[in-house]
Amino acid sequence: MEFDDASLDFHTRDLSEKLRGVKHTKPLVIGRSVEGRPIEVRAKRERGGTLIIGGFHGDEPATIEIVRRFPPDVPGVALLPLLNPDGARRGTRYNAHGVDLNRNFEFNWHEESVEPPGPHPWSEPESRALAEFILARRPAKIVALHWALGEIDADGAQSTALAEAMWAALSESQRVPYRLRVTEPGRGQRRLEQTYVECPGSMGQWAGYAIKYPDGTQPAIITLELPYDPAMPRPDELPADHWQIVQRRWREDSAGYLAGVRPGVEKMLHAACRHEH
Ligand SMILES: [Zn+2]
């Protein structure tokens, strides 16, 4: 009995105890960044529900603001506004080690990824903290916000219905700056191959294709890319300077950008929280 394998799930057990003890109003610290900044989640204590993540990349401030302002009392929601606090402090995409956290997950990790993936999967404390939190809390649905491809992107066939529920929540005019990307029937493998090449080692791939909870279920995972311009229809090919466009808009009028984007995003996030998966 002294040498049972309890230590193997030490992190999970530890986190579950923290979750049980947490006061509803106090953020839960799920880990710390390279430079020791806390990574905080607002959530009630139950398992399952919907996890909403902002600030994966430190230079995507709109994603942080939107998750920060989302009502924390929506049933089942867990809010993680800022996964990459060191990057946000610097205004950079990467963490303090110069690693792209969204290339550091184990599934389909690739050392020659275009964005720096770290020396090996899970090399970064921020990606480890998020993965451990997900495995402990077992959210049924995960939505990660990013800038600024203007799309609702579902990984895994189990995520299609969630993406469609989010799309259905939008008015026709609110759909204009977005496109919907789901695993099409009969084309799942092709879609997966495309994803392999575009973003190896991403959280979306790990959550969509690698996680299986102890009850055999898989989470539905959406990468919600905010529009580069809320008034512009989403073209098939993004303009080469879409990143410059969104950064300029944010510099000149961040309140205006948020006012244009938030109503639709909030509708999608509320729809995600209501969606039965
Ligand atoms: Zn991003």
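**View 1. Packing of helix α2 against helix α9 in the predicted model.** In this predicted model, helices α2 and α9 pack with their axes 10 Å apart and at an angle of about 50°. The two helices are therefore oblique to each other, and the crossing in which α2 passes α9 is right-handed. From α2, the residues that make the contact are Pro61, Ala62, Glu65 and Ile66, and from α9 they are Trp250, Tyr257, Leu258, Val261, Arg262 and Val265. Sorted by class, this contact of α2 with α9 comprises 8 nonpolar residues and 2 charged residues, with no polar ones.

**View 2. Crossing of helix α5 and helix α9.** Helix α5, formed by residues 160-169, and helix α9, formed by residues 242-274, have axes that come within 8 Å and cross at roughly 135°. That angle makes α5 oblique to α9, and the crossing of these two helices is right-handed. On the α5 side the residues involved are Leu162, Ala165, Met166 and Ala169, which meet Lys267, Met268, Ala271 and Ala272 of α9. The contact of α5 with α9 has 7 nonpolar residues and 1 charged residue by class, and no polar residues.

View 3. Eight strands form an open sheet with mixed pairing, in the order β1-β2-β4-β3-β5-β8-β6-β7. Strands β1 (residues 28-32) and β7 (residues 179-181) stand at the edges and have a single partner strand each, so one side of each is left without a neighbour in the sheet. From one strand to the next, the twist averages 20°.

View 4. Helix α5 (residues 160-169) lies across β5, β6, β7 and β8, and runs at about 160° to β6.

**View 5. Strand β5 and its two partners in the sheet.** Of the 7 residues of β5, 7 are buried, so the strand is largely enclosed by the rest of the structure. Both faces of β5 are covered, with Lys141, Val143, Leu145 and Trp147 buried on one side and Ile142, Ala144 and His146 buried on the other. Strands β3 and β5 run parallel and are joined by 4 bridges, and Leu51 has Ile142 of β5 as its bridge partner. The pairing of β5 with β8 is likewise parallel and extends over 7 bridges, and here Leu145 stands opposite Leu224 of β8.

**View 6. The mostly covered helix α8.** Helix α8 spans residues 203-210 and is mostly covered, with 6 of its 8 residues buried. The buried residues in α8 are Met203, Gly204, Gln205, Trp206, Ala207 and Gly208.

Methods: Residues numbered from 1 in each chain as written. Predicted model: local features only at pLDDT ≥ 70, side-chain atom pairs only at ≥ 80, totals over all residues. Pairing = 2+ DSSP bridges. Axes fitted to C-alpha atoms, helices over the stretch in contact; angles between N-to-C directions. Contact = placed C-beta atoms within 7 Å. Parallel < 35°, antiparallel > 145°, perpendicular 65-115°, else oblique. Left-handed = near helix turned anticlockwise from the far one by under 90°. Nonpolar A, V, L, I, M, F, W, Y, C, P; charged D, E, K, R; others polar. Buried ≥ 20, exposed ≤ 12 C-beta atoms within 10 Å, placed from the backbone.
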